[in-house]
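Here is a briefing on one protein chain. Keep the structure open while you read the points below.

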Amino acid sequence: MTGGPRWLLIETFGGVPTIIGIGSRTPAFKSLSDTLRHPGTLTAAQQVLTRLMIEPREIDEVVGGRRVLARPLCTFEGRMHGVQLWVGMESEVPPPRPTAGAWFFNITGGKASGSEDLFDLYAVPERARRTETAMAGAFTRLFAGRDQGDAIAKIVSSQPGTEHQALWTVTRDDGEERAAHFSCRMYAEKDEVSGGEQVILRGITHDLGPAAHVSKAPSPVVLEYRVIEAAAAAGEYRALLHPRTLSLIRWVADPMPEVAWERNVGEPDPQIHPDELGRVRRAIRTLTGPPGYVAGTVRVRGRDGTWVRIAGKASLMPLDEATTAVLVTASFAKDV
């Protein structure tokens, strides 16, 4: 590697670790042996990774005559998603370590969790950091590229083994726009509480620098779903729902106020009123036939714990040739 060794970003989601970052380059799940051609460097990296899989901790030591720096990227639950690794001669000075953070989506439960490293990347204030939030909240600071439909289609399909990589633009909480590369893989895992199976998307976000300096970073000026947004009337809100679980995938533009969806501390979980859930599920199953949409009112949980009555219209939104989400247009129902 010209210019001296660069930091490697190695994913350890499950199975054989692969490289997803070489400095600012973002290879597609590349094997260690294809990148680390020097036998001594490869052996040192493999030895350190084996140790970190057992006990994640920061490392700065000499292995086989080479200096090895390693920083594990772990979620709040303590599971290691990856390692930032630098291997060089003892006399070499490592370059600054890029910023990266671990995260996961519980697709079955509609939940998401980041890590302290991810919060640093997003410049989230200490008071606003939460170990768990709504999956839809992860999209609020992201400007996706043309692959957004593909990414959401993979969430809806929820097929274990699915991989995705993308370069999206992040608007940090301090207002700075950064180019960030996302790598993730989907798994079927056992819920330790219920004992049932759940689908988990495990990922790493890699900061590539100011978005203005990365030509392929999507521009926030080009709004995603701009046709849908333009069609929204005053007082209307748009959301994409998972067609099987009815969980919120993301808001299209601004979220609906007063409705519980963020899973904030002290707020109730998102919920459709139990007396109306069956009716909603039956209505969603009819969307493939004429007239192609359903409309009505439904009660959902409000932020204050009360039930909020909303008027909504739902239709299917194609994400790719085989996958659809449910597009809901909602407004607060008027008293009659």
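A residue counts as buried when its relative accessible area is under 20%, as exposed when that area is over 50%, and as partly exposed in between. Gly-82, at 0% relative accessibility, is therefore buried. The model is predicted.

**Gly-82 and strand β6**
- Gly-82 sits in strand β6.
- Leaving out residues up to four places away in sequence, Gly-82 touches Ile-10, Glu-11, Thr-12, Arg-71, Pro-72, Leu-73 and Ile-204.
- Gly-82 and Phe-13 are 69 residues apart along the chain, yet their C-alpha atoms are separated by 6.9 Å.
- The burial extends along the strand: 9 of the 9 residues of β6 are buried, so the rest of the structure largely encloses β6.

**The open sheet**
- An open sheet is built from 6 strands in the order β3-β2-β1-β6-β5-β4, with antiparallel pairing.
- β3 (30-31) and β4 (59-63) are the edge strands; each has a single partner, so one side of each lacks a neighbour in the sheet.
- Strands of a sheet pair through backbone hydrogen bonds, either parallel or antiparallel.
- β5 and β6 are joined by 8 bridges in the antiparallel sense.
- β1 and β6 pair over 4 bridges, also antiparallel.
- Across that pairing, Ile-10 stands opposite Val-83 in β6.
- Strand β2 (residues 18-22) pairs with β3 over 2 bridges, again antiparallel.
- Here Ile-19 has Lys-30 in β3 as its bridge partner.
- The hairpin of β5 and β6 has 5 residues between the strands, and in it Gly-78 takes a positive phi near 95°.

**Arg-67 in β5**
- Is Arg-67 buried or partly exposed? At 23% relative accessibility, Arg-67 counts as partly exposed.
- Arg-67 belongs to strand β5, and its bridge partner in β6 is Gly-88.
- The side chains of Arg-67 and Asp-60 make a polar contact at 2.9 Å.
- Beyond its neighbours within four places in sequence, Arg-67 is in contact with residues including Glu-61, Val-62, Trp-86, Val-87, Met-89, Glu-90, Glu-92 and Pro-94.

**Helix α2**
- Helix α2 (residues 39-54) has 16 residues; at 1.5 Å a residue they should span 22 Å, and the end C-alpha atoms are 23 Å apart, which agrees.
- Which residues of α2 are buried? They are Thr-41, Leu-42, Ala-44, Ala-45, Val-48, Leu-49 and Leu-52.
- Seen down the axis of α2, these buried residues fall within an arc of 165°, so they line one face of the helix.
- An α-helix has 3.6 residues a turn, so residues three or four places apart point the same way.
- Pro-39 and Ile-54 are exposed, on the face of α2 turned away from the buried side.
- The cover over the buried residues of α2 includes β1 (8-11), α1 (32-35), β4, β5 (66-74) and β6 (80-88).

- In soluble globular proteins, nonpolar side chains tend to be buried together.
- The largest nonpolar core has 34 residues, and those touching the most other members are Phe-105, Ile-107, Tyr-122, Trp-168, Phe-182 and Leu-240.
- Elements that each supply at least two residues of this core include β7 (100-106), α3 (116-121), α4 (148-157), β11 (163-171) and β12 (177-190).
- α4 gives the most to this core, with 5 residues.
- A second, separate core of 23 residues includes Ala-136, Tyr-237, Leu-248 and Ala-314.

**Helix α4**
- How many of the 10 residues of α4 are buried? The count is 7, so to speak a mostly covered helix.
- The buried residues of α4 are Gln-148, Gly-149, Ala-151, Ile-152, Ala-153, Ile-155 and Val-156.
- Their cover includes β7, β11, β12, β14 (237-241), β15 and β18.
- Just after α4, Ser-158 takes a positive phi of about 55°.

Notes. Residues are numbered from 1 along each chain as its sequence is written. This is a predicted model: local features need pLDDT of at least 70, side-chain atom pairs count only at pLDDT 80 or more; totals for chains, interfaces and linings use all residues. Side-chain values use heavy atoms; hydrogens and water are left out. Two strands pair if DSSP finds at least two bridges between them. A nonpolar core is a set of buried Ala, Val, Leu, Ile, Met, Phe, Trp, Tyr and Cys residues joined through side-chain atoms within 4.5 Å. Buried means under 20% relative accessible area, exposed over 50%, partly exposed in between (1.4 Å probe, protein chains only). The expected span of a helix is 1.5 Å times one less than its number of residues. The arc is that of the directions from the helix axis to the C-beta atoms. Contact means heavy atoms within 4.5 Å. A polar contact is a pair of N or O atoms within 3.5 Å; within protein, one must be able to donate a hydrogen and the other to accept it, and residues adjacent in sequence count only if both atoms are side-chain atoms.
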